[in-house]
Amino acid sequence: MQRTEDGQTVKLADYQPTDFILRGVKMTLMLFEGYADVSTRLTLERRQGVLADAPLNLDGDELVLESIAVDGLTLEPSRYEATPESLKVTGLPEVGPFELAIETRIVPEQNSKLMGLYRSNGIWCTQCEAEGFRRITYFLDRPDVLAPYLVRIEADKAAAPVLLSNGNPVDSGDLEGGRHYAVWDDPFNKPSYLFAVVAGDLDLLPDEFVTMSGRTVTLGIYTEKGRAAQAAYAMDALKRSMAWDERRFGREYDLDVFNVVAIADFNMGAMENKGLNVFNHKYVLLDPDIATDTDYAGVETVIAHEYFHNWTGNRITCRDWFQLCLKEGLTVYRDQEFSADERERTVQRIGSVRRLKAHQFPEDQGPLQHPVRPSEYREINNFYTATVYDKGAELVRMIATLLGEAGFRAGMDLYFDRHDGEAATIEAFVACFEDATGTDLSQFALWYSQAGTPTLTVTEQWDADQRRHAVTLRQSLSKGAAGTGTEPMVLPLRFGLVGGNGEDSDAEGHVTGGAELKDDLIVLNGTEATVTFTGLADRPYLSVLRDFSAPVTLAHEQSEAARIALARLDPNLFNRWRALDDLLANGLTEAGRRPLGDATPPLGAPVIEALLASAGDDSLDPAFRAQALAMPGEADIARQIAENVDPDRVHEVVEAARLAIGTKGLAIFERLRGSLAPDAAFSPDAASAGRRALANAALGYLSAARGEPSDALAQYETAGNMTDRLGALAILVHRFPGAEGTEAALGDFYRRFEADDLVLDKWFALQAAAPYHGAVETVARLAEHPRFTMRNPNRVRALVGTFAAGNQVGFHRADGAGYHFVADKLAELDRINPQIAARIATTFRAWRSFEASRRTKLAETLRQLSEIKGLSKDLQDIVDRSLK
Ligand code: PHE
Ligand code: ZN
């Protein structure tokens, strides 16, 4: 990829293949205390048609060149130009392969960006996506340069008895001076971002998996000393993932070994390096005492996600970083489907849609907006976004909805067949579905290039004389920050006309305008269409956008009575949830627009009754009922209010609603508490987790209604697992901050778990999220706590990230103290780990939606950040785009 003239922006339109083809990579990494020597031998060949005097340009990042040779001969200084960021070599052979040997010395101990080779609690590990490999050696560091790798690692045997890399182990042995080596051979062509090396004193949880063709794969999860047993659930999830990918997509694992390493200091969730996945240990280590049900679900999802990348990402990778959604959107879709099959489909879908609305919608509707496939970037690290991942997954889901199960599978099979071993593009991916099914997806492809959330407006007209129901659908997309097109797109809309008996009618529909009707699907492809249904006995309730079949903002003019009826009757369980969620969100949004102190109840009695009816309906899955009871987030309500938001008012209405629901439902919540008593033995399965979720939701409402902490205190003290303990502690810290028991419980929690960093993160995060103005002081005090450090991304996210993104009341305190605190921390963090600083800074993007005084202060803070000298490219990019 080439940087354009300003040296900053990279553009999709500028894509050019490299002048040189890479045939193979041989590396030796010699690890020592305080430095590492890296020697790399690249077999290269000038591409046909490239000028004979064209130089070879390699990428670097903070590198020092120690030596360089071509075909065994050290190069004269006149033949090359080396800077920390680049290496240019001239006079290379016109035809045929040659070997370029490069030596660099790097200092993993000083690598606080956690990109390239670094040390985490003494363990050597690498992170190369997106552009980390160039921090290890000079390279054609781009995803369309694929090669087999042979990697030799040498280290002190006592410091690093375990030496791992990609592929299969082929040799190992002892060396002089207490050192040893291992050689790993990865025969599959791969880009440099999938390279990995791990070395250290690690414990191993071993296992194996027999593939569908009968090959035995050796599995290993490596952890810090003494923690291998906590990887048992991750191992179970891994084996289920391997079996699922065979069943569902016919995809078999390809190497003899598959290793996972759990690391404490990691910028993201995990990384799919070929045959050697490296994980943030948060997504590996679990047991009931330290992990919540949410943590269990997270481990299952992330293990599956990284494993699934072996086919969608590794065997077929991306031509350039603009195609990131090709691997990420598709792999998120696959992990969502896995969880839906392993757990409960509707509940999983509710979770994914909540996530989409909480993270992707605000991104798509604000200054950081970009299409699922962006066409330019200044810093690729800032494009690992909810839009690329989660909206990207929605686009794959829409293709599956449009083509049906068999058509979708045929398209996927063709994709694997046609592009195995390649670096592909979105066009190539979409073409597979077109070719496999004979469908024209050219209009659909607009979803990849047009940014923004389309609005789907739905109106209904019942003709009582003719017994006819007309449904009019309209789509619109407005130009946002990305400035991309606003053409009508293809919206697959699942629907049903629900009768008073709770059954879908099979009335005939007739379309006028831009849509097609097939069974329970309306495919809206024009700006507007009307579907008229005839032969109905009574006016039906329209249930539209079932399962959230398209990522749109739904503006459905529907009466409260109709929504309440659907909450009870809709045979589509997802839409029952959405009916309730819309009732709550609409009430809270409307109330949130009124001034602070306005005492009009945010929710009417019928809405509360509908909610309580679901909560108390024992025929429904407890996990579903817990979802129904979960209030929309305050940031979500703020987004829907859209302008002049007062976060104090939003919090006030949410609390008023909670109190009203708790008071009215007291008897139901008491009964639920009784009937959902904890199981004697803990099981992490979805049904047990659902019962705990419902019991904890009931505890929340009960405590609000009673206005005192004793129930939560009792649960805290007797809890047999982290879900119940943390659930109770959250109620104490967030609702009863002054109470004697609260301080005692917080102290107890700290003492109990201070040895475990992952639990300590929960202790920091819980306090950072406490919805009080005084949270600013609490968080500032915690930033001085001996266990707080800027060097561990999980810890920074727990305290600073949670406060900025998960505490509307504290962060947005009217005097601006929350903004100053976060900005100060970001300036400090930026010098240590720019990626994490940039990620947390995205929370400022919503600044325009707040009332004038906060809006001014937020903009001012962003401006001050933008003017800091020497700001990283990562943070500068986020700040500048946010202000745009
Ligand atoms: N590719 C990783 C995933 O989604 C995420 C990641 C990106 C990790 C960049 C590290 C660095 O599976
Ligand atoms: Zn991924």
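Analyst: UniProt positions are given in the numbering used here, with feature names shortened, and such annotations may be inferred rather than shown by experiment. In an unreviewed UniProt entry, residues 562-884 carry the annotation "domain: Peptidase M1 alanyl aminopeptidase C-terminal". Residues are numbered from 1 along each chain as its sequence is written, with chains lettered from A and ligands numbered from 1 in the order in which they are written. The model is predicted: local features need pLDDT of at least 70 and side-chain atom pairs count only at pLDDT 80 or more, while totals for chains, interfaces and linings use all residues.

User: What is the helix and strand content of residues 562-884?

Analyst: The span is 71% helix and 0% strand, and its end C-alpha atoms lie 42 Å apart. Helices (H or I, at least four residues) and strands (E, at least two) are DSSP runs, numbered from the N terminus. The UniProt record, again an unreviewed entry, also lists "domain: Aminopeptidase N-like N-terminal" at residues 66-194. Residues 66-194 are 0% helix and 53% strand, with 25 Å between the end C-alpha atoms. The chain contains 26 helices and 31 strands.

User: Why is the chain called as compact as a globular protein of its length?

Analyst: The radius of gyration (taken over C-alpha atoms) is set against the globule rule, 2.2 Å times the number of residues to the power 0.38. For 884 residues the rule gives 29 Å, and the chain has 28 Å, which is close, so the chain is as compact as a globular protein of that length. Along the principal axes, its C-alpha atoms fill a box of roughly 90 × 65 × 60 Å.

User: What makes G392 buried?

Analyst: A residue is buried if 20 or more other C-beta atoms, placed from the backbone, lie within 10 Å of its own, exposed if 12 or fewer, and partly exposed in between. G392 has 28 such atoms within 10 Å, so it is buried. G392 lies in helix α5. Setting aside residues up to four places away in sequence, G392 touches C325, E328, G329, V332 and V372; a contact means C-beta atoms, placed from the backbone, within 7 Å.

User: Why does Y377 count as buried?

Analyst: Y377 has 20 C-beta neighbours inside 10 Å and therefore counts as buried. Y377 sits in strand β23 (residues 376-377), and beyond four places in sequence it is in contact with V10 and F383. Over the chain, 52% of the 884 residues count as buried.

User: What makes a set of residues a nonpolar core, and how many residues has the largest one here?

Analyst: A nonpolar core is a set of buried Ala, Val, Leu, Ile, Met, Phe, Trp, Tyr and Cys residues joined through C-beta atoms within 7 Å. The largest here has 256 residues, and V197, V198, A234, V261, V278, V284 and V299 have the most contacts inside it. Helix α5 (residues 386-419) gives this core its largest share, 11 residues. Apart from neighbours within four places in sequence, the contacts of V197 include L29, L117, W124 and I153.

User: Which residues are closest to ligand 1, and what classes make up its shell?

Analyst: Ligand 1 is surrounded by 13 residues, the closest being E129, M268, M271, E272 and Y384; a residue is near a molecule if its C-beta atom, placed from the backbone, lies within 6 Å of it. Ala, Val, Leu, Ile, Met, Phe, Trp, Tyr, Cys and Pro count as nonpolar, Asp, Glu, Lys and Arg as charged, and the others, Gly among them, as polar. The shell has 5 nonpolar, 4 polar and 4 charged residues. β20 (270-271) and α2 (293-308) each supply at least two residues of the shell.

Notes: Two residues are in contact if their C-beta atoms, placed from the backbone, lie within 7 Å.
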